[in-house]
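Please open the structure in a viewer and keep the selection tool at hand.

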Amino acid sequence: MGSNQLRESIVRIFLQHEGEVVSGEQLRRSLGVSRTAIWKHIKQLRTQGYVIEAVPSRGYRLSARPDVLLPAVIKAGLETALIAKNIEWHAELDSTNVRAHVLAEQGAPEGSAVVAECQTNGRGRMGRSWSSPPGVNVYTSVILRPALALSAATQLTFLAAVAVARAIEKVCGVRVSVKWPNDILLNGKKIAGLLNELNAETEGIHYVVLGIGVNLNMVEAQFPPDLRYPATSILLETGQLVDRVVFIRALFTEIDSLYALLLERGFAPVRLAWEALFDLVGSAVNVDDGSGGVRGIVVGIAADGALLLDTGSAHPRTIYSGDVRPATLA
Ligand code: BTN
């Protein structure tokens with residue numbers, strides 16, 4: 001076992017015995033190394049922000065861990081069947097989506113996740129950038145390899161939106177809404193965004209990268225001044241600091257169960273869950289569809305997830321892609 005793996009194992013054992021004293025002997029036996037080696041790695045972990053107390057003649061207790069999304073820490077409390085069994089972590093990355101494409105091309109197993117503390121070139125929809133300051137939010141990309149038709153790929157966007165909404169509700173205790181097709185709003189402001197990218201041929205999907213950015217502990221000064229849509233974070237809206245490890249575990253868990261549901265029962269239950277979060281039905285909106293824009297009243301979404309808009313003609317207009325803005329926002 002290499003030094004990094006050994007330290008990950010020590011952290012895992014501490015997390016399995018949260019709040020308890022773990023004896024040096026127990027660590028030595030579980031890991032098959034000398035007590036001196038364990039002591040050396042504990043000292044090393046302390047320099048990384050782990051607060052490990054030495055309890056005289058009993059052992060060690062982990063009383064605080066650094067606020068870092070380290071794979072060993074995330075995995076210690078994760079009970080997913082498929083998602084995030086492999087996690088690749090980076091202190092800094094251009095974009096987790098870009099890295100996930102590389103891993104997917106190299107054959108990374110389905111469910112593999114890339115996590116970064118910050119992104120230097122975080123990508124948003126429609127060629128925009130995604131503000132990704134260090135240590136405050138979640139930036140992750142998950143690789144899926146669904147045996148679905150190409151036309152079903154958008155279903156995964158709805159799935160990811162529901163997963164983010166549920167994770168926010170469970171961990172932060174606030175209800176969020178969705179904005180078609182894939183934004184998550186809190187109090188009418190954008191709190192999370194999804195960039196799902198597809199590698200496919202006409203016969204089917206090779207893989208999908210679900211790119212997810214959630215603004216958790218970001219403060220006002222960390223938002224770019226020229227935002228197209230009002231944006232916010234959990235901290236700004238609720239005053240609560242979110243434990244990012246707890247949040248990302250909840251997110252992976254929700255993706256895991258919704259993905260199993262989608263594969264087993266099809267799109268309908270995911271669509272219903274998404275519709276329950278869609279507050280814009282009956283509202284006037286402007287949709288930038290890349291060809292001049294459409295204005296209308298939201299009727300709902302079609303069976304395949306397309307947006308149905310009442311534009312005053314006999315039948316609702318079906319919109320497959322675009323950017324929705326409530327007409328109340330100039
Ligand atoms: C949008 O609303 O415009 C989509 C934003 C998606 C941002 C996430 S952060 C993790 C992943 N990596 C990226 O470069 N983008 C997505």
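This is a predicted model: local features need pLDDT of at least 70, side-chain atom pairs count only at pLDDT 80 or more; totals for chains, interfaces and linings use all residues.

Residues are numbered from 1 along each chain as its sequence is written, and side-chain values use heavy atoms, with hydrogens and water left out.

**The helix pair**

Select residues 24-31, helix α2, and residues 35-47, helix α3; they pack at an angle of about 100° with their axes 9 Å apart. Helices (H or I, at least four residues) and strands (E, at least two) are DSSP runs, numbered from the N terminus. Axes are lines fitted to C-alpha atoms, for helices over the stretch in contact, and angles run from 0 to 180 degrees between N-to-C directions. The two helices, α2 and α3, are therefore roughly perpendicular (an angle of 65 to 115 degrees). Next, display G24, E25, L27 and R28 of α2, which meet R35, I38 and I42 of α3; contact means heavy atoms within 4.5 Å.

**The sheet**

Now show the open sheet of 7 strands, whose order is β3-β4-β5-β9-β8-β7-β6, with mixed pairing. Strands pair if DSSP finds at least two bridges between them. At the edges lie β3 (87-90) and β6 (177-179), each pairing on one side only. Select β5 (residues 138-144) and β9 (residues 204-214), which pair in the antiparallel sense over 7 bridges. Within this pair, T140 stands opposite I212 in β9. Helix α8 (residues 244-265) packs on the sheet and touches β3, β4 (113-116), β5 and β9.

**The pockets**

A pocket is found on a 1 Å grid over the protein atoms alone, as an open set of points where a 1.4 Å probe fits, with protein on both sides within 12 Å along at least five of seven lines; lining residues have an atom within 4 Å of a point. A volume is the space filled by probe spheres set on the points.

Which residues are the closest to the centre of the largest pocket? Select G124, R128, S129, W130 and K190, from a lining of 34 residues. This largest pocket holds about 630 Å³ of space, and β8 gives the most to its lining, with 4 residues.

For the last stop, turn to the second largest pocket, with a volume of about 470 Å³. A153, T154, T157, N196 and Y320 are the closest to its centre, among 22 lining residues. Here β8 again gives the most to the lining, with 5 residues.

How values were computed:
Angles under 35 degrees count as roughly parallel, over 145 as roughly antiparallel, 65 to 115 as roughly perpendicular and the rest as oblique.
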